Amino acid sequence: MFAPAGLSIFAEMTALAQRYGALNLAQGFPEFGPDPELIAAFHRALDAESAQYAPMPGLLRLREAVAADQLRRNGTAYDPQHEITVVPGATVGIFSAIQALCGPGDEVILLEPAYDSYHPAVVMSGAVPVAVPLEIAAERVSVHWDALAAAVTPRTKMIVVNSPHNPTGMVWTHQDWAELAARIPEGAVVLSDEVYETMVFDGASLASPHHNPSLRHRSLRALSFGKTYHVTGWKLGVVLAPENLSMRLRTAYQFIAFSASTPAQHSVADFLASRPDYPNYLADFFQAKRDLLAASLKESGFRTLHSAGSYFLLVDYSAVSDLADREFAEQLTREAGLATVPLSPFYRVPPKEERMLRLCFAKEDATLREAGQRLRTWKQS
Ligand SMILES: Cc1ncc(COP(=O)(O)O)c(C=O)c1O
């Protein structure tokens with residue numbers, strides 16, 4: 001169920017980066033800090049009252065702020081009392097949803113490459129993970145709809161979707177959701193991991209299953225304040241779902257974590273109230289970083305694939321090396337001083353011919369320029 005060494009590929013590559021003093025584009029979190037106003041709000045929240053447990057579904061003032069934010073930005077309406085649950089990070093929300101809704105005899109479809117927490121969460125629930133590969137192409141990553149339809153059985157209980165996608169940068173469109181709705185049985189639930197929901201590029205806007213009338217009543221969305229506000233260390237997120245699914249989620253969640261950090265909840269509620277426009281700037285901010293990294297990789301021999309969202313992009317290194325991706329990522333860390341993440345650990349059975357690495361561009365501009373420089377120098381050496 002878990003990686004043989006007990007360490008995720010992210011931890012492995014970060015340890016290697018430290019050993020060789022390499023630039024770390026492997027780590028999937030921002031190199032820059034949060035807005036000072038958010039930190040000030042956290043300091044203000046550190047009083048005796050917020051030293052104790054928050055209510056299990058989260059502070060109502062935060063849930064109300066989230067409802068207003070979602071309506072404003074995405075046009076999706078939620079009842080703060082019954083449809084929003086605050087959790088200590090999206091990972092816990094996803095884990096709790098899977099434990100609450102899936103069990104022995106059920107199958108859960110995972111689209112691979114997939115974020116590494118899904119598979120163990122499904123196995124721990126007693127359900128069986130069923131992998132369906134995404135089609136990775138230079139211009140757009142897409143779902144192989146026939147393969148997905150072939151994977152559906154009467155036991156299909158859930159499909160986990162991640163958009164914007166880690167690691168490929170794929171972003172689902174309304175058409176994608178409609179295609180999915182036409183292929184999964186009415187009894188199946190959609191778990192939509194949208195931790196990068198504010199990072200959709202090129203003028204597109206977020207399409208979620210809650211925009212789709214035939215999926216709205218049977219889908220859950222997991223969001224992460226850690227990703228949105230550059231505070232991954234605070235471990236705070238929400239799960240948005242219709243009342244019946246939220247209630248089932250909470251029955252499991254109350255025994256998994258019970259509640260999330262009270263001062264962190266107050267801080268995000270304050271910040272959402274005082275800076276409602278803040279998330280709007282993130283798409284442009286990260287798009288500029290994507291473009292900077294792609295430009296800095298020109299003439300390096302590494303082919304960048306288009307990233308439509310998230311803070312990741314893939315590079316194809318088949319023109320540079322024949323090594324398998326893990327070996328090659330290690331070689332680059334050692335020799336070029338650049339740590340990346342190989343794509344194969346995102347699969348249970350990786351495609352043999354794939355030669356891809358994931359790069360995180362939530363980094364300072366100087367780091368992104370330096371990354372390209374290091375690859376060019378390495379290639380010439
Ligand atoms: C796709 C995806 N889902 C979930 C998470 C974790 O979110 P959180 O820190 O809120 O648990 C990550 C973090 O890298 C991620 O990439």
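Me: Why does Phe-32 count as buried?
Reply: Buried means under 20% relative accessible area, exposed means over 50%, and partly exposed is in between (1.4 Å probe, protein chains only). Phe-32 has 13% relative accessibility, so it counts as buried. This is a predicted model: local features need pLDDT of at least 70, side-chain atom pairs count only at pLDDT 80 or more, and totals for chains, interfaces and linings use all residues. Residues are numbered from 1 along each chain as its sequence is written, and side-chain values use heavy atoms, with hydrogens and water left out.

Me: What makes Phe-285 partly exposed?
Reply: Its relative accessible area is 24%. That value puts Phe-285 in the partly exposed class.

Me: How many aromatic pairs does a search of the whole structure find?
Reply: It finds 23. Rings of Phe, Tyr and Trp (its six-membered ring) pair if their centres lie within 6.5 Å; planes under 30 degrees apart are stacked, over 60 edge-to-face, and the rest tilted.

Me: Why is the pair of Phe-32 and Phe-285 called edge-to-face?
Reply: The ring centres are 5.3 Å apart and the planes stand at 85°, so the pair is edge-to-face. Phe-32 lies in the loop between strand S1 (23–24) and helix H2 (36–45), and Phe-285 in helix H11 (residues 282–296), so the pair ties together parts 253 residues apart in sequence. Helices (H or I, at least four residues) and strands (E, at least two) are DSSP runs, numbered from the N terminus.

Me: What makes the pair of Phe-42 and Trp-234 tilted?
Reply: The planes meet at 50° and the centres are 4.6 Å apart, so the pair is tilted. Phe-42 is in helix H2 and Trp-234 in the loop between H8 and strand S9 (237–240), 192 residues apart.

Me: How do you know that Lys-363 lies over the face of Phe-29?
Reply: A charge sits over a ring if NZ of Lys or CZ of Arg is within 6 Å of the ring centre and within 35 degrees of the ring normal. Lys-363 lies over the face of Phe-29, at 5.6 Å from the ring centre.

Me: Why is Tyr-278 called buried?
Reply: Its relative accessible area is 6%, so Tyr-278 is buried. Tyr-278 sits in the loop between helix H10 (262–274) and H11. One aromatic cluster includes Tyr-278, Tyr-229, Phe-32 and Phe-285.

Me: How many cavities of 30 Å³ or more does the structure hold?
Reply: It holds two. On a 1 Å grid over the protein atoms alone, a cavity is a set of points where a 1.4 Å probe fits but cannot get out; a pocket is an open set with protein on both sides within 12 Å along at least five of seven lines; lining residues have an atom within 4 Å of a point. Grid points join across faces, edges and corners, and a volume is the space filled by probe spheres set on the points.

Me: What classes of residue line the second largest cavity?
Reply: Ala, Val, Leu, Ile, Met, Phe, Trp, Tyr, Cys and Pro count as nonpolar, Asp, Glu, Lys and Arg as charged, and the others, Gly among them, as polar. The lining has ten nonpolar, two polar and no charged residues.

Me: Why does the second largest pocket lie between domain 1 and domain 2?
Reply: Domain 1 (9–30 + 280–380) and domain 2 (36–276) both give residues to its lining, so the pocket lies between them. The domain bounds come from an automatic or database domain assignment. The volume of this pocket is about 480 Å³.
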